[in-house]
Amino acid sequence: LAYRYCDGRPVLHFPPGYSALLALALSLGFSVTGAVAAVGVLSAALTGWWTAEHFYRWFASRWLAAAGTLLVTLNPVSLRWYLEGHSDGLFAALALGCVVYFAAYASSGSSRLLVAAALLAAAAASVRYVGLTLAVFGCFSILALSSASVRARLHDAVVFSLIAAFPLAL
């Protein structure tokens with residue numbers, strides 16, 4: 001599945017992540033509208049999950065986390081993204097997940113959280129090229145804000161940026 005111009009030529013200036021996810025849904029037997037709806041549901045579910053996780057960690061209140069999650073996930077702009085098949089909803093969900101895991105990495109120093117954040121940054125960049133800013137954000141944040149040794153910061157920044165940029169480098 002690829003976006004095509006009216007004359008049949010493929011549109012090649014968009015990253016392949018959204019099209020690949022739609023193609024996966026089509027290969028599983030979904031119709032085109034069903035594939036768009038499935039990606040919209042996935043985007044909404046990921047947004048809700050990561051928003052709830054972050055808000056609960058931030059507020060330490062289930063009620064505030066639930067209210068914030070509903071406001072973020074069910075606002076009119078997000079609903080339009082999910083229901084109309086825009087890649088924006090998927091990109092926003094992946095970027096949110098990247099930020100949530102990066103914040104958890106920043107407070108714990110866990111390599112697994114760093115890799116998870118980098119993988120989500122890579123996925124976001126494969127949906128929208130502006131996702132490369134997540135790799136830049138992560139790299140500079142590690143270098144500037146980490147309390148680890150310079151060597152450890154450089155190692156983590158290189159690991160994060162290589163993972164986050166690798167899919168688009170291919």
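What volume does the largest cavity have? The tour returns to that question after a view of the whole. The coordinates belong to a predicted model, and every value below is computed from it.

**The whole chain**

Begin with the complete protein in a cartoon view. It contains eight helices and zero strands, so that the order along the sequence reads α-α-α-α-α-α-α-α. Taken along the principal axes, the C-alpha atoms fill a box of roughly 55 × 40 × 25 Å. Of the 170 residues, 36% are buried. Among contacts between residues at least 6 apart in sequence, 57% join residues at least 24 apart.

**The largest cavity**

Select Y18, V36, V39, G40, S43, W81, Y82, G85, H86, G89 and L90, which line the largest cavity. Its volume is about 30 Å³, which answers the opening question. One cavity of 30 Å³ or more is counted in the model. Helix α2 gives the most, with four residues. Sorted by class, the lining has six nonpolar residues, five polar residues and no charged residues.

**The largest pocket**

Of the 13 residues that line it, Y105, A106, L145, S146 and S147 are the closest to its centre. To see where the lining comes from, show α5 (87-108), α7 (132-145) and α8 (150-169), each of which supplies at least two residues. The largest share, four residues, comes from α5. Seven of the lining residues are nonpolar, five are polar and one is charged.

**The largest nonpolar core**

In soluble globular proteins, nonpolar side chains tend to be buried together. For the case in this model, select C98, F102, I142 and F160 and show their side chains. These four touch the most other members of the largest nonpolar core, which has 29 residues. The elements that give two or more residues to this core are α1 (17-27), α2 (32-59), α5, α6 (111-127), α7 and α8. Helix α5 gives the most to the core, with nine residues.

Keep C98 selected and display its surroundings. Leaving aside residues up to four places away in sequence, C98 touches A117, L120, A121, L134 and F160.

**Two salt bridges**

The structure holds two salt bridges. For one of them, select E53 and R57, whose side chains meet with an N to O distance of 2.9 Å. Both residues lie in helix α2, four residues apart, which is about one turn of the helix. E53 is partly exposed, with a relative accessible area of 25%, and R57 is also partly exposed, at 41%.

For the other, select R128 and D88. Their closest N and O atoms are 2.0 Å apart. Which parts of the chain does this pair tie together? R128 lies in the loop between α6 and α7, while D88 lies in helix α5, so the pair ties together parts that are 40 residues apart in sequence. R128 is partly exposed, with a relative accessible area of 30%, and D88 is partly exposed as well, at 22%.

**A60, in the loop between α2 and α3**

Select A60, whose place is in the loop between α2 and α3. This residue has a positive phi of about 55° although it is not a glycine. Is A60 buried or exposed? With a relative accessible area of 61%, A60 counts as exposed, because exposed means over 50%.

**T69, in helix α3**

For the last stop, select T69, which lies in helix α3 (residues 62-73). T69 counts as buried because its relative accessibility is 11%, and buried means under 20%. Which residues does T69 touch, not counting residues up to four places away in sequence? They are G48, T51, A52, F55 and L74. Display these contacts together with T69 to complete the tour.

How values were computed
Residues are numbered from 1 along each chain as its sequence is written. This is a predicted model: local features need pLDDT of at least 70, side-chain atom pairs count only at pLDDT 80 or more; totals for chains, interfaces and linings use all residues. Side-chain values use heavy atoms; hydrogens and water are left out. Buried means under 20% relative accessible area, exposed over 50%, partly exposed in between (1.4 Å probe, protein chains only). Contact means heavy atoms within 4.5 Å. On a 1 Å grid over the protein atoms alone, a cavity is a set of points where a 1.4 Å probe fits but cannot get out, and a pocket is an open set with protein on both sides within 12 Å along at least five of seven lines; lining residues have an atom within 4 Å of a point. Ala, Val, Leu, Ile, Met, Phe, Trp, Tyr, Cys and Pro count as nonpolar, Asp, Glu, Lys and Arg as charged, and the others, Gly among them, as polar. A nonpolar core is a set of buried Ala, Val, Leu, Ile, Met, Phe, Trp, Tyr and Cys residues joined through side-chain atoms within 4.5 Å. A salt bridge is a side-chain nitrogen of Lys or Arg within 4 Å of a carboxyl oxygen of Asp or Glu. Grid points are joined across faces, edges and corners, and a volume is the space filled by probe spheres set on the points.
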